[in-house]
Amino acid sequence: MKRGFILLAINTEQNMIRYAYTTAMSIKLSDPEASICIVVDKNTELPKTYSNVFDFVTELPFGNSAYKDGFHAMNIWQMIHATPYEETIYIDFDTVFINTDVKLLWDIFSKNDFGIPMIARTYRNQPLKSAGSLFEYESHYNLPKLYNSMIYFKRDSELAISWFKMADAVLQNWRDVFNSLMSEKKPLTFSKNLLCNVVTHLLDVENEVKVNINNFYDLDIKSQWLWNNDVPDNWTEVLNYWFPENKKLIIENSIISSGIVHYRDLNFITEEILNEYRTQIDISSRRKAAS
């Protein structure tokens, strides 16, 4: 197929497939014609109730390269081998689409062979703090500050092939990478976003891959321009929010009526939200069948 979305969902102590299912439903509600592939670990069976939103189910082509460490985002390098599409947008499983113009998203990304968002917005629709906790090490070492929760690539492009090949080496050897590149300060554990920015840095392709997606939101709690940096990791503990019928997201007094939201906090997806998505998908499916 020509175009589609790919999601990586490797279950740990959390049911990541459940969150990827929510992401897929949100994409389908924005574009019922969208094709979605989910990539899972070997011998993983999806619940039958999930089959209506996933067009392809693919096992990791080279097995789970994170089976020792448990940091399953290490497998992102396999997406170019797992995708059934000529053009792919990889999406982190903790993301929802809200009234998103998917055709416009493809139009913006497809001008590149490979693309990663260069800006993100807070829930208040402000530019995210580029020097905040999310990019602490990128700022210190002058690395690219890109948002690798969404990655576009043309499967046969030389740039995409080179990027994912480098990602294989960098992500599987992340401790050595941190020790080699970061002498003054370094993370205590695996960080997919930082390591992907290292990949872009090592290939020296930041200017070639950065893309301006104007309706991309990242709810990293410490990058939201809050009045106090002493906040918990989970923004749902300190911010009031409503998601009425999943048509728009209201956080405090701010409204996200349209966009792609990397919500990060898994507590955000409640059974109530999940069931509302199911209801809307059923309605959408019946309308499509009747037309």
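Okay, let's start with the cysteines: searching the whole structure turns up 0 disulfides, where a disulfide would be a pair of cysteine sulfur atoms within 2.5 Å. Cys 37 is in no disulfide, and its nearest cysteine sulfur, that of Cys 196, sits 18 Å away. A disulfide, remember, is a covalent bond between the sulfur atoms of two cysteines. Seen from Cys 196, the closest cysteine sulfur is the one in Cys 37, and 18 Å is too far for a bond. Are these two buried or exposed? Cys 37 is buried, at 0% relative accessible area, and Cys 196 is buried too, with 0%. By buried I mean under 20% relative accessible area; exposed is over 50%, and partly exposed is in between, using a 1.4 Å probe and protein chains only.

Quick housekeeping before the fold. This is a predicted model, so local features need pLDDT of at least 70 and side-chain atom pairs count only at pLDDT 80 or more, while totals for chains, interfaces and linings use all residues. Residues are numbered from 1 along each chain as its sequence is written, and side-chain values use heavy atoms, with hydrogens and water left out.

Now the sheet. It is an open one, built from 7 strands in the order 3-2-1-4-7-6-8, with mixed pairing. Helices (H or I, at least four residues) and strands (E, at least two) are DSSP runs, numbered from the N terminus, and two strands pair if DSSP finds at least two bridges between them. Which strands are at the edges? Strand 3, residues 56-59, and strand 8, residues 210-211, each pair on one side only. Strand 8 runs parallel to strand 6 (residues 114-117), and 2 bridges join them. In strand 8, Lys 210 is the bridge partner of Ile 116.

Helix 1, residues 16-30, packs on that sheet, touching strand 1 (3-8), strand 2 (36-40) and strand 4 (87-91). Contact here means heavy atoms within 4.5 Å. The direction of helix 1 makes about 170 degrees with that of strand 2; axes are lines fitted to C-alpha atoms, for helices over the stretch in contact, and angles run from 0 to 180 degrees between N-to-C directions.

On to charges. How many salt bridges does the structure hold? There are 10, counting a side-chain nitrogen of Lys or Arg within 4 Å of a carboxyl oxygen of Asp or Glu. Let me show you a few.

Lys 28 counts as buried at 9% relative accessibility, whereas Asp 55 is partly exposed at 41%.

Next, Lys 192 and Asp 92, at 2.7 Å, N to O. Lys 192 belongs to helix 7 (residues 192-203) and Asp 92 to the loop between strand 4 and strand 5 (95-98), so here the parts tied together are 100 residues apart in sequence. Lys 192 is buried, at 11%, and Asp 92 counts as buried as well, at 10%.

Then there's Asp 218 with Arg 264, 2.6 Å from N to O. Why does this pair tie together parts 46 residues apart in sequence? Because Asp 218 is in strand 9 (residues 216-218), and Arg 264 is in the loop between strand 13 (259-262) and helix 9 (271-290). Asp 218 is buried at 1%; Arg 264, at 29%, counts as partly exposed.

Last one: salt bridges with shared partners join Lys 2, Arg 3 and Glu 87 into one network.
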